[in-house]
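Q: Walk me through this one, please. I'd like to start with the charged pairs.

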Amino acid sequence: MFSLIVAAALSGSTCGYDGPAQVIGRAYAPESKSLVYCELFLPTEGDKTTVLYYSAQGQRIAKKVLYGPAGHGSAGTPLPQVVQRDFRSGEQREVRRQGDAWLLRYRASGTANWEQELLAARKVDVIDAGFDAYVRAHWQQLEAGQSLTFQFASPPHGRTIKLRAHRVACASGTTPSRSEPATPPLCLRVDLAQALLRLFAGKLSLVYDTKTRRLLQFQGVVNLLDARGKTQRLHLFYEYR
């Protein structure tokens with residue numbers, strides 16, 4: 001069953017979106033295996049990459065814009081500036097550079113007050129989708145089995161969260177047999193760095209192609225709330241064009 005879901009994800013719906021996209025992510029509910037939304041990374045323009053989120057019914061539900069340093073591109077830095085808005089609730093998340101600091105801004109709905117916090121630049125290692133660039137920058141260490149700790153900026157919390165990334169054995173059926181890479185994928189787990197807190201928090205599981213160093217799968221809590229405004233754990237599969 002799992003392999004069938006993966007195969008369907010790699011050639012399935014784009015939730016009604018028919019424009020250009022350089023990366024397509026399809027998010028499935030782990031229990032029902034039903035498609036929840038599509039995540040579409042549009043072609044990068046200068047230092048900006050726009051990400052659109054469409055529900056399985058074809059409704060555009062959210063938008064995120066990633067900004068990277070001039071000439072660097074948003075996909076090439078662990079520290080992009082981020083502006084994300086959920087069109088259903090009006091929830092907004094922002095991380096913006098402000099001099100020698102990072103400004104984290106969050107509001108839970110379109111009518112809620114903004115909450116914000118200013119963090120020293122040295123206290124932030126990774127922002128949002130910048131984790132992908134962080135993995136590639138530390139590929140050799142992760143591949144060798146070293147554990148990495150980093151501070152992840154979280155606008156809803158108004159602070160950074162100390163996380164740990166390390167290599168784990170890949171689960172059986174991680175990739176479909178018809179597109180199995182020639183070399184085994186790199187499977188990572190990300191969890192809280194504090195051992196005691198790990199007992200009370202979920203983990204993230206990621207699968208990377210070792211040839212291209214591209215993210216193939218992600219499983220865990222996503223940065224998009226569900227229609228009720230609650231956090232959700234989903235399984236995403238990525239396709240590159």
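A: A salt bridge here is a side-chain nitrogen of Lys or Arg within 4 Å of a carboxyl oxygen of Asp or Glu. Arg26, Glu239 and Arg241 are linked in a network of such bridges.

Q: What should I know about the model and the numbering before we go on?
A: The model is predicted: local features need pLDDT of at least 70, side-chain atom pairs count only at pLDDT 80 or more, and totals for chains, interfaces and linings use all residues. Residues are numbered from 1 along each chain as its sequence is written, and side-chain values use heavy atoms, with hydrogens and water left out.

Q: What is the mean pLDDT of the chain?
A: The mean is 88, and 85% of the residues reach 70 or more. pLDDT is the predictor's confidence in each residue, from 0 to 100.

Q: Where does pLDDT stay under 50?
A: Over residues 196-200. The model has 5 contacts beyond four places in sequence for that stretch, a contact being heavy atoms within 4.5 Å.

Q: Back to the charges. How many salt bridges are there?
A: The count comes to 10. One of them joins the side chains of glutamate 239 and arginine 26, with N to O at 3.0 Å. Glutamate 239 lies in strand 15 (residues 233-240) and arginine 26 in strand 1 (residues 23-28), so this pair ties together parts that are 213 residues apart in sequence.

Q: How are you assigning strands?
A: Helices (H or I, at least four residues) and strands (E, at least two) are DSSP runs, numbered from the N terminus. The chain has 3 helices and 15 strands.

Q: Are glutamate 239 and arginine 26 buried or exposed?
A: Both are buried. Buried means under 20% relative accessible area, exposed means over 50%, and partly exposed is in between, using a 1.4 Å probe and protein chains only.

Q: Which residue does lysine 64 form a salt bridge with?
A: Aspartate 128, with the closest N and O atoms 2.7 Å apart. This pair also links distant parts of the chain: lysine 64 is in strand 4 (residues 60-67), while aspartate 128 is in the loop between strand 9 (126-127) and helix 2 (131-137), 64 residues apart. Lysine 64 and aspartate 128 are both buried.

Q: What about arginine 88 and aspartate 86?
A: Their side chains meet in a salt bridge, 2.7 Å from N to O. Arginine 88 is partly exposed, at 33% relative accessible area, whereas aspartate 86 is buried, at 2%.

Q: Change of topic. How many residues of strand 3 are buried?
A: Strand 3 (residues 48-55) is mostly covered, with 7 of its 8 residues buried.

Q: Which strands does strand 3 pair with?
A: Strand 2 (residues 35-41) pairs with strand 3 in the antiparallel sense over 5 bridges, and strand 4 runs antiparallel to strand 3 with 7 bridges. Two strands pair if DSSP finds at least two bridges between them. Tyrosine 37 stands opposite serine 55 in strand 3, and tyrosine 54 stands opposite arginine 60 in strand 4.

Q: What do the turns on either side look like?
A: The hairpin of strand 2 and strand 3 has 6 residues between the strands, and glycine 46 takes a positive phi near 65° there. The hairpin of strand 3 and strand 4 has 4 residues between them, with glycine 58 in the turn at a positive phi of about 90°.

Q: Which strands does strand 13 pair with?
A: Strand 12 (residues 186-192) is joined to strand 13 (residues 204-208) by 5 bridges, antiparallel, and arginine 189 stands opposite serine 205 in strand 13. Strand 13 also pairs with strand 14 (residues 215-221) in the antiparallel sense over 4 bridges. There, valine 207 has glutamine 217 in strand 14 as its bridge partner.

Q: Which residue in the turn of strand 13 and strand 14 has a positive phi?
A: Arginine 213, at about 60°, in a hairpin with 6 residues between the strands.

Q: Last one: what is threonine 149 in contact with?
A: Leaving aside neighbours within four places in sequence, threonine 149 is in contact with Tyr134, Lys162, Leu163, Arg164 and Ala193. Threonine 149 lies in strand 10 (residues 148-154) and is partly exposed, at 46% relative accessible area.
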